[in-house]
2 protein chains.
Amino acid sequence: MRKLNIAIVGLGNIGSYLFNYLKINKKILTEKNNCLPIVKYVSAKNKKRKRNIKIKKKQWLKNYLDATKIKDVDLIIELIGGAEGPAKKLVFNALKNKKHVVTANKALIAKYGDQLSKIAEKNKVNLEFEASVCGGVPIIRSLKEGLIANKISKIYGIFNGTSNYILSSMDKENKNFKDVLSNAKKLGYAEANPSADLNGDDVASKLKILTSLCFNSFLNDKIYVEGIKEIDKSDIDNANKLGYKIKLLGFAELLNNKIYQRVHPTLIKKDSYVASIDGVLNAVIIDGKPVGQSIIQGEGAGPAATTSALVSDISSILRGNVKFPFSLSSKERKKLSFADIEDRTFSAYLRIEVIDKPGVLSNITNIFSKNKVSIKRLVQDPNKNKKISSIIIVTHNSKNRSLSKVVKEVSKKNFVKTKPKLIRIDEY
Amino acid sequence: MRKLNIAIVGLGNIGSYLFNYLKINKKILTEKNNCLPIVKYVSAKNKKRKRNIKIKKKQWLKNYLDATKIKDVDLIIELIGGAEGPAKKLVFNALKNKKHVVTANKALIAKYGDQLSKIAEKNKVNLEFEASVCGGVPIIRSLKEGLIANKISKIYGIFNGTSNYILSSMDKENKNFKDVLSNAKKLGYAEANPSADLNGDDVASKLKILTSLCFNSFLNDKIYVEGIKEIDKSDIDNANKLGYKIKLLGFAELLNNKIYQRVHPTLIKKDSYVASIDGVLNAVIIDGKPVGQSIIQGEGAGPAATTSALVSDISSILRGNVKFPFSLSSKERKKLSFADIEDRTFSAYLRIEVIDKPGVLSNITNIFSKNKVSIKRLVQDPNKNKKISSIIIVTHNSKNRSLSKVVKEVSKKNFVKTKPKLIRIDEY
C-alpha cells in the first residue's frame, strides 16, 4: 500500500479538527484514494493550548520549518495564516524542497500564488488551496475539473459569511450595523477584529484567486474594493422599497477582452437567487460556455467546512494527481488586461442627506444632468424634525466615472450633510 | 507530448456537439491536461444524417464494435443510449478490451454499473459517467472529489428538467398538464415520447447512481417511483393555498442504517430553495458531515451542458487519473440494506373527489382515524354545478403503509369519484 506522510503546521480550531478527522477517517480515505495518509508531524505556536486531540510526543516538530527539511514528510498542510511571516516562509521552503502543500491561506495565495505555482510546477509537486476560497464550497475543484470544459465569462457571488450575516440580519431583524455586529461577535459569526471581513479585503483575496482560475490569467491587483461599514439601515429599507436587497458581492467578468474585478455592496433584485442567500452561507454563480449558468452553495467557513475542503485537496494528492495549481502551467497562463471600474457602466442607487431648503433639488439634479447621469427614479423623504431630507435617486446606466464625479460634486455643496452613499445595482 | 486516441460512438445532437467542441478546444484541453485528445474515429447508426461537422472519411468506423478492437483507440465515448442492445455491447466489450469509457447513459449505468465497474477496476481503465446525471451539473465529480471528505446522510433534488418545466409552467401559466406538455414538446423541452421523464424512470436511474456514490453501496433496485402524470391543476392550486409548491423530487437518505430511495411529486414549502427552481434547471442538495449542506445547480440537459460534463470526464482521463468508477473499489463497496417506503413516515396531502351527500365526511374521517392517520387540516370545496366536492386533507406524520391503506379504503367507497390523489409533504 502506498502511503503519504503529512505534517500539519498550525493547530488552531481548523488544524485540530483536521487532525481528528484524519485519525477517524483514515480507513475510508485509504480505500477511496488507494494510499494511506499518515499524520507524522505537527507544529503549533502554542504547544500548550487546550485541544481535544491526542498528539504523541514524537509527533511534535522542534521547529515548524523542520517540516520542509525532514525526509519523511511528503505533504505539508499550512494552517498558520497571513500573507507574510512564518506562513510564507513555510510554503516557499516546502515547495522548494519538493514537498506537496495544502493551504487554507487566501491572503498568501492571492499575493504569492503565481510565484509559488512556478516553484510547484518546476518541482512537480502539488500546491492546493481549495480551503482558501469559500470554505466547504468545492469551487476550485469545480473550476479546475467539473467545469473544465467551459469558457467562463463571469463569476460572482457571496464570498464572505460574516458580512452577509450582518447585512441579512440588519434587514430581517430591523437593526443597525453596530448592534448586529456586536451580536455577530457574540455568536461567533464575526471575529474580535473583523476588519478584513467588513472592508472587503477577505472577498478581494478570494476573488483574485477565482479570477485567475476562471480566465487563465495571472493574479492581478487591479481590483475595486469597498466594504459594508457605511451601509446604513435606511439604505436597506430604501432598497426594500425599490424591490432590492443589499449584498456584499464579488464580481470578476470579461467584457470587451478586459477583466473587471470588483467587490462592493450591491443592490440585487429581491427575487434573484443571490438575494435569497441569508446568514453565513457562501454562494458562487458561474456563467460559462457551453454549460450555461452553474451555482454552487454551501458553508463558507468554520473548522468543519474548511476540513471538508482540505481533505478534498489531500485526497487529490493521495491519488497522485499532480496538476498545475492554477489549472494551466505558468507558461500558458495569460497576461490579460485588467480594466478600471471607472470605465464600466452601472445603474446606481444614491442616498443624499440634505438640509431642506428651496432650490436644493434642482441644484442636485443639475449636477446629474451636467455629468450625463440620467435619473430613473427620485424620491424625497423629508424628516421634518431634523429639517433634513433624504433624497433617494436611482440612475439609468452610467459610466462609473460619471457617477464618481456626481458624488464628488454633490459632496461639496454646503446643503449636503454627509457624503452621498452610492450603491451599484445589478439587474440579474 | 502524451496523446489519447478517442472514438465517439453515437453522433446525435450530443455527439455532434462534442465532436465540434473537441476540435475547437484541442489546444486548451491539451494545455490543461498535459495530453492531446485526438478524435480518431466516429460511428453512427445513420451516417447520412445532416450534421454541421466535418468528418473525414477515414474517421468512420465500419462497425461500431471495431472501436473496442482497434489498437489505436484508448477511450470510447458511448452516446448511443439505452440500457440494452448496442450501448451495452459496446461498453462491456470496451472495458474488457482495456479501453477507457465515458458515457452519458444513465439507464446503462443504473442497471449494469456494478458489473461494468468490476471489469474497469480489474483492467485498470476509467469508466466515467458524469454526463449521465443532471447534465452540466458536476455532481458526480463533486461527490467523488470536492466533497470526498463527507459522510452523506441525504441527497435530494430536481433531477429532471422536463417534468420540472411542466410543473412550474402549470403553476405560473395557470394551464393544465396536457396543454403544458404539448407546449413543452413544441419548445423542445419534452421529447416526442416523454414517458421516462414523466413517469419518474429518468429520475430513478439518476438517483440509483447518486445513492451508490453517496453511501458507498452497490446499485439497488429497491426504489419507490411515481411520476407527475396524475398531478391535476387543482393540486397545484391547492398546494399554493397551503403554502407549498409541487415538485418532482428524488430522495436518497440514510435513516436508522437503512437507505430509502424514492421519486415522487412532493409538496415543498414555497420559500424553500428547491421551490424556487423553475423551468428546465436541475438542482442537487447534499447533507454531509463535516461540510453541512451543499447545493449544486445548473443546466440539466441539452448538447451544450452534456458536453461540459463529458469533457470533464475526458479531461480526467487525459490527466491519467484512474479512479474507481464508484469512488470505492468493488471489494470495499457495501451491501447496505434498503428499506421499503411503506416503513417511512410522511405527512401528506390528499385530494378526494366525492359526491356531495350527507355522511360522506364522517365516513371518510372514520377511515383515517381507524388507520391512525391523524388529520391536521381539512377543507371541503364544493362544486355545486356537478354535485361534486373536493375534500382536501393534510395529515400529520403517518406511516406510509397507513396512508396507503387509507387511499385504498377510501377508493372503494361508492361516493368517491376517482382514486384519491396522495402527495407526500417535505418540510424543508
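**Entry 1: H4 against H9 in chain A**

I looked up which residues of H4(A) meet H9(A) in this predicted model, and found Lys106(A), Ala107(A), Ile109(A), Ala110(A) and Gly113(A) on the H4(A) side, with Ser205(A), Lys206(A), Lys208(A) and Ile209(A) on the H9(A) side. I count two residues as in contact if their C-beta atoms, placed from the backbone, lie within 7 Å. By class, I have four nonpolar, two polar and three charged residues in the contact of H4(A) with H9(A); Ala, Val, Leu, Ile, Met, Phe, Trp, Tyr, Cys and Pro count as nonpolar, Asp, Glu, Lys and Arg as charged, and the others, Gly among them, as polar.

I then took the geometry: the axes of helix H4 (residues 106-122) of chain A and helix H9 (residues 201-215) of chain A come within 9 Å and cross at roughly 50°, and that makes H4(A) oblique to H9(A). I note that axes are lines fitted to C-alpha atoms, for helices over the stretch in contact, and that angles run from 0 to 180 degrees between N-to-C directions. Angles under 35 degrees count as roughly parallel, over 145 as roughly antiparallel, 65 to 115 as roughly perpendicular and the rest as oblique. I read the crossing of H4(A) and H9(A) as left-handed, a crossing being left-handed if the near helix is turned anticlockwise from the far one by less than a right angle, and right-handed if clockwise. My helices (H or I, at least four residues) and strands (E, at least two) are DSSP runs, numbered from the N terminus.

**Entry 2: numbering and confidence**

I number residues from 1 along each chain as its sequence is written, with chains lettered from A and ligands numbered from 1 in the order in which they are written. As the model is predicted, I take local features at pLDDT of at least 70 and side-chain atom pairs only at pLDDT 80 or more, whereas totals for chains, interfaces and linings use all residues. Chain A averages a pLDDT of 95, and 99% of the residues score at least 70; pLDDT is the predictor's confidence in each residue, from 0 to 100. I also noted that the model scores ipTM 0.93 and pTM 0.95.

**Entry 3: H1 against H11 in chain A**

I found that H1(A) and H11(A) pack at an angle of about 60°, with their axes 9 Å apart, and are therefore oblique to each other. H1(A) passes H11(A) in a right-handed crossing. From H1(A), I list Asn13(A), Ile14(A), Tyr17(A), Leu18(A) and Tyr21(A), which meet Pro303(A), Ala304(A), Thr306(A), Thr307(A), Leu310(A) and Val311(A) of H11(A). By class, the contact of H1(A) with H11(A) has eight nonpolar, three polar and no charged residues.

**Entry 4: the sheets**

Strands S3 (residues 75-78) and S4 (residues 100-103) of chain A run parallel and are joined by four bridges, with Ile77(A) opposite Val102(A) in S4(A).

Strand S1 (residues 3-9) of chain B pairs with S2(B) in the parallel sense over seven bridges, and Asn5(B) stands opposite Ile38(B) in S2(B).

**Entry 5: where the chains meet**

I counted 39 residues from chain A and 40 residues from chain B in the contact. On the side of chain A that touches chain B, helix H2 (26-33), helix H5 (139-146), strand S11 (292-299) and helix H11 (303-318) each supply at least two residues. That side divides into 14 nonpolar, 17 polar and eight charged residues. I saw S11(A) joined by three bridges to strand S11 (residues 292-299) of chain B, the two running antiparallel, and the bridge partner of Ile296(A) is Ile296(B).

**Entry 6: backbone details**

I noted a cis peptide bond between Lys289(A) and Pro290(A), with omega about 10°, and placed Pro290(A) in the loop between strand S10 (281-289) and S11 of chain A. In chain B, a cis peptide bond joins Lys289(B) and Pro290(B), with omega about 10°. Asn34(A), in the loop between H2 and S2 of chain A, has a positive phi near 60° although it is not a glycine.

Note on methods:
Two strands pair if DSSP finds at least two bridges between them.
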